[in-house]
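Me: I'd like to talk through this model with you, starting with the overall layout and then going into details. Could you put it up first?

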Amino acid sequence: MTELAKDILAGSRRALARALTRVENREAADLLAELYPHAGGAHLVGITGAPGTGKSTLVNRLALTLRERERTVAIVAVDPTSPFSGGAIMGDRIRMRDLAGDPGVFIRSMATRGSLGGLARTTSDLVTVLDAAGYDSVLIETVGAGQSEVDVARLAQSVVVVEAPGLGDDVQAIKAGILEIADILVVNKADDPRAKNTVRALRSMLDLGTMPDRAALLHHGRLVDAALPAVEGAGEGWEVPIHPTTATTGEGVEELADLLDAHRAHLAESGGWERRARARALTDLEARLRDALLDRLLMQVNGEELTALVDAVARRDLSPGAALERLLAETE
Ligand SMILES: Nc1nc2c(ncn2[C@@H]2O[C@H](COP(=O)(O)OP(=O)(O)OP(=O)(O)O)[C@@H](O)[C@H]2O)c(=O)[nH]1
Ligand SMILES: [Mg+2]
């Protein structure tokens with residue numbers, strides 16, 4: 001084993017920081033292979049929702065609560081510089097004030113812009129390193145608008161979707177299908193009198209639908225379909241709670257920590273933990289396979305030929321399917 005991997009497993013923060021930078025630069029394949037067997041013990045919690053709902057403030061509070069329970073916590077903030085709300089800077093400043101200097105907390109911010117090789121995969125690898133480093137909980141905060149929420153859900157064992165009153169019309173984020181990925185729905189800013197309406201709107205939406213098989217929902221692809229056959233009654237028997245919090249005062253955050261513990265315990269008992277781990281492994285493998293095959297194929301393709309095909313498809317002289325046939329014929 002390399003010194004760097006040993007130092008990480010021994011708890012060196014400097015080694016950890018160095019490793020995470022390598023991961024972000026996509027120069028860590030060997031290191032990840034070394035650390036991978038040591039990961040798997042952390043509770044991975046995704047925290048997502050529309051900009052400005054109070055995710056950072058909530059993550060900060062949750063981290064403090066977990067620390068009081070003697071758990072160590074790593075925080076990965078994906079794209080902390082959301083252009084949509086000035087709140088991001090605020091939340092992150094408070095976070096630094098309350099958590100800085102605690103050796104049981106490790107905070108990493110990650111910019112989405114310029115992340116090489118895909119945000120989801122880089123985040124997944126960062127989380128693997130933090131998991132191997134021995135943190136009890138890894139909290140992953142993303143500002144989500146569609147696909148990125150689902151990508152977080154793929155990483156996390158427990159997904160917290162944060163809503164808040166007064167962001168345009170009630171519960172707008174639900175349009176993006178965000179409800180379906182929630183294990184716990186938090187209505188933050190419960191100090192706002194309109195929060196009751198938000199809770200009510202969410203309640204009626206949840207009552208409308210039965211929860212689908214989560215693992216299958218989050219991970220559909222060819223490999224998954226083949227290797228993760230549908231399971232009888234695989235809604236996993238978890239009723240999604242709608243939980244109000246006021247992150248600024250910390251009200252409701254103890255109960256949120258309890259709900260997360262309960263969800264983890266539920267996954268362990270129901271087989272959901274294993275099922276999600278398996279689904280994640282398959283999704284991960286499929287994404288890597290696709291990238292690798294694409295790279296390999298593109299190396300064999302003549303650039304001019306590719307340009308000509310794109311032109312032809314754009315002019316509608318050729319269908320995308322027919323263009324594919326030609327590409328494949330060329331590389332066989
Ligand atoms: N009234 C009230 N304000 C809150 C609450 N939680 C957070 N805020 C405020 O909402 C604003 C946004 O908070 P953040 O924690 O930065 O929200 P965020 O969801 O992380 O924002 P982005 O990262 O930009 O998406 C800040 O001004 C917070 O002080 C709450 O429970 N009640
Ligand atoms: Mg934030």
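Me: Before we start, what am I looking at, and how is it numbered?
Reply: This is a predicted model, in which local features need pLDDT of at least 70 and side-chain atom pairs count only at pLDDT 80 or more, while totals for chains, interfaces and linings use all residues. Residues are numbered from 1 along each chain as its sequence is written, chains are lettered from A and ligands numbered from 1 in the order in which they are written, and side-chain values use heavy atoms, with hydrogens and water left out.

Me: How many helices and strands are there in the protein?
Reply: The protein has 14 helices and seven strands, where helices (H or I, at least four residues) and strands (E, at least two) are DSSP runs numbered from the N terminus. Of its 332 residues, 45% count as buried, with buried meaning under 20% relative accessible area, exposed over 50%, and partly exposed in between (1.4 Å probe, protein chains only).

Me: And in what order do the strands sit in the sheet?
Reply: The seven strands make an open, parallel sheet in the order E3-E2-E4-E1-E5-E6-E7, and two strands are said to pair if DSSP finds at least two bridges between them. At the edges are strand E3 (105-110) and strand E7 (242-244), each of which pairs on one side only. From one strand to the next the twist averages 20°, with axes being lines fitted to C-alpha atoms (for helices over the stretch in contact) and angles running from 0 to 180 degrees between N-to-C directions.

Me: Is E1 open or enclosed?
Reply: Strand E1 is largely enclosed by the rest of the structure, because seven of its seven residues are buried. On one side of E1 these are His-43, Val-45, Ile-47 and Gly-49, and on the other Leu-44, Gly-46 and Thr-48, so both faces are covered. E1 pairs with E4 over seven bridges, with Gly-49 standing opposite Val-143, and E1 also pairs with E5 over five bridges, where Gly-46 has Val-159 as its bridge partner.

Me: What does H4 lie across?
Reply: Helix H4 (residues 55-68) lies across strands E1, E2, E3, E4, E5 and E6, and runs at about 175° to E4.

Me: Which residues have the most contacts inside the largest nonpolar core?
Reply: They are Leu-62, Leu-139, Val-160, Ile-184 and Leu-185, in a core of 38 residues; a nonpolar core is a set of buried Ala, Val, Leu, Ile, Met, Phe, Trp, Tyr and Cys residues joined through side-chain atoms within 4.5 Å. At least two residues of this core come from each of E1, H4, E2, E5, E6, helix H8 (195-208) and helix H11 (253-270). Apart from it lies another core, of 29 residues, including Leu-16 and Leu-155.

Me: Going back to Ile-184, what is it in contact with?
Reply: Leaving aside neighbours within four places in sequence, the contacts of Ile-184 include Val-160, Trp-238, Pro-241 and Leu-256, contact meaning heavy atoms within 4.5 Å. Ile-184 is also the bridge partner of Val-160.
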